[in-house]
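Please consult the sequence and the model while reading.

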Amino acid sequence: MKKKGLFFSFLLFIVCSFNLLAENFPQKAGKIEDFIPKGWKSIIVKKGDLNKDKIDDVVLLIQKNDPKNFRNAESGYMMYMPIENANFNPIIMLVLLKDTNSQYNLVAKNEKGFFPSEGKAHEEVLETIVDEDSITIKNNTLRIYTFWEGIRASASSTNYVFRYQNNRFELIGLEIINSGTNGDDLEFNTYSINFSTKKLIKTKETDKLGSDEKSKIEKKEKTININKNYILENMTEETARKILEKYGN
């Protein structure tokens with residue numbers, strides 16, 4: 001009985017520890033500032049109509065503001081210099097739909113590392129947002145752009161398009177661009193996925209380095225069997241890579 005009591009005490013400690021790490025957000029509030037917990041700050045605020053009611057909604061990115069989460073970031077990519085005093089504070093996205101009573105309603109939240117901090121992105125070689133223009137609202141959709149740049153023309157970027165449907169933000173479009181050198185060639189590989197039509201278009205563009213020759217472009221299109229919905233709340237920094245591995249070949 002004593003061992004069982006110790007086990008449940010330990011389990012309770014673990015559960016409480018996780019609860020201490022989680023932030024509590026109101027489901028509804030009259031001001032955007034009410035969704036920013038103490039010790040956090042807003043880094044991006046975007047307004048636009050996301051649910052076709054002609055009322056401006058809000059996409060809010062907040063980041064913890066803890067001085068203890070600043071340290072030197074060692075590069076996970078060969079020949080990259082470390083970053084001194086890099087920011088490792090976590091980032092959370094909140095999507096707030098404004099109603100006819102001027103109240104903001106929290107309808108989506110991502111706190112699963114979809115937006116890596118400066119330090120984490122540098123050490124783990126991850127794409128992350130570049131600036132406030134990385135998030136836009138266009139044609140009632142939420143669009144997110146992430147980017148990573150290496151050396152010798154190597155880079156990768158991802159464009160995500162989410163639409164509010166079925167009472168959640170579902171991924172309806174994804175474009176991934178990978179570039180790099182291959183011998184004397186500079187290659188750009190673009191993968192465009194339409195989750196509504198279930199179509200994948202792969203485009204490979206090849207340029208000869210130091211040559212004025214016209215780019216060589218190869219384009220392939222195929223239907224893919226997408227058997228799940230990708231939801232904003234569940235996205236991580238690994239999701240795009242996993243989608244590409246599953247459907248890109």
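Apart from its neighbours within four places in sequence, Ser 134 is in contact (heavy atoms within 4.5 Å) with Ile 129, Arg 143, Ile 144 and Tyr 145. Ser 134 is placed in the loop between H2 and strand S8 (135-138); helices (H or I, at least four residues) and strands (E, at least two) are DSSP runs, numbered from the N terminus.

The structure is a predicted model, in which local features need pLDDT of at least 70, side-chain atom pairs count only at pLDDT 80 or more, and totals for chains, interfaces and linings use all residues. Residues are numbered from 1 along each chain as its sequence is written, and side-chain values use heavy atoms, with hydrogens and water left out.

With neighbours within four places in sequence left aside, the contacts of Phe 115 are Leu 61, Ile 91, Met 93, Thr 128, Ile 129, Ile 135 and Ile 144. Phe 115 and Met 235 are 120 residues apart in sequence, yet their C-alpha atoms are 9.4 Å apart in space.

| Residue | Relative accessible area |
|---|---|
| Ser 134 | 2%, buried |
| Phe 115 | 3%, buried |

In helix H3 (residues 239-247), the buried residues are Thr 239, Ala 240, Ile 243, Leu 244 and Tyr 247. They lie on the same side of H3, because they cover an arc of only 135 degrees around the axis; the arc is that of the directions from the helix axis to the C-beta atoms. The buried residues of H3 pack against strands S10 (155-165), S11 (168-182), S12 (185-194), S13 (199-208) and S14 (216-223).

Five strands form an open sheet in the order S1-S7-S6-S3-S2, with antiparallel pairing. Strand S1 (28-29) and strand S2 (40-48) stand at the edges with a single partner strand each, so one side of each has no neighbour in the sheet. Two strands pair if DSSP finds at least two bridges between them; eight bridges join S2 to strand S3 (residues 57-64). Lys 47 stands opposite Val 58 in S3.

Overall, the chain has three helices and 14 strands. Of its 249 residues, 39% count as buried. Among contacts with a separation of 6 or more, 48% are between residues 24 or more positions apart.

Notes: Buried means under 20% relative accessible area, exposed over 50%, partly exposed in between (1.4 Å probe, protein chains only).
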